[in-house]
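Thank you all for coming; I would like to take a few minutes to walk through one structure with you. Please have a look at it before I go on.

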Amino acid sequence: MYLRIKDLREDNDYTQSFIAEYLCCDQSDYSKYERGKRNIPLWALCKLADLYETSLDYLTGRTDEIAPYPKSRINYED
């Protein structure tokens with residue numbers, strides 16, 4: 001998983017600082033996520049999946065299919 005989020009960041013020409021700002025965390029914290037030194041919170045994985053237009057299954061290595069799943073019509077935020 002950690003290598004996957006690093007590869008996606010580099011493939012999109014994003015810096016660690018940019019992603020850290022996107023996630024509202026310190027760059028040093030994000031660096032620890034990429035190196036596997038700190039567990040990535042679920043909310044952060046969800047935001048990364050949205051940013052990279054992929055699925056949590058792809059980010060976590062459960063599939064090699066990068067295409068995201070169709071969005072649900074159910075709004076769980078209500």
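This is a predicted model: local features need pLDDT of at least 70, side-chain atom pairs count only at pLDDT 80 or more; totals for chains, interfaces and linings use all residues.

Setting aside neighbours within four places in sequence, Ser-55 is in contact with Ala-49, Thr-63, Glu-65, Ile-66, Pro-68 and Tyr-69, where contact means heavy atoms within 4.5 Å. Ser-55 sits in the loop between helix 4 and helix 5, and Ser-55 is buried, with a relative accessible area of 4%; buried here means under 20% relative accessible area, exposed means over 50%, and partly exposed is in between, with a 1.4 Å probe and protein chains only. Helices are DSSP runs of H or I with at least four residues, numbered from the N terminus.

Residues are numbered from 1 along each chain as its sequence is written, and side-chain values use heavy atoms, with hydrogens and water left out.

Ser-55 also belongs to the lining of the largest pocket, together with residues including Cys-46, Ala-49, Leu-56, Pro-68 and Tyr-69. A pocket, on a 1 Å grid over the protein atoms alone, is an open set of points where a 1.4 Å probe fits, with protein on both sides within 12 Å along at least five of seven lines, and lining residues have an atom within 4 Å of a point. The volume of this pocket is about 350 Å³, counted as the space filled by probe spheres set on the grid points, which are joined across faces, edges and corners. Helix 4 gives the largest share of the lining, three residues.

Which residues of helix 1 are buried? In helix 1, which spans residues 2–11, they are Arg-4, Ile-5, Leu-8 and Arg-9. Because these residues cover an arc of only 135° around the axis, they lie on the same side of helix 1, the arc being that of the directions from the helix axis to the C-beta atoms. The face turned away from that buried side carries the exposed residues Leu-3 and Asp-11, and what covers the buried residues includes helix 2 (16–23), helix 3 (27–35), helix 4 (42–52) and helix 5 (56–59).

Finally, the cysteines: with a disulfide taken as a pair of cysteine sulfur atoms within 2.5 Å, the count is zero. For Cys-24, the nearest cysteine sulfur, that of Cys-25, is 8.0 Å away.

How values were computed
Helices (H or I, at least four residues) and strands (E, at least two) are DSSP runs, numbered from the N terminus.
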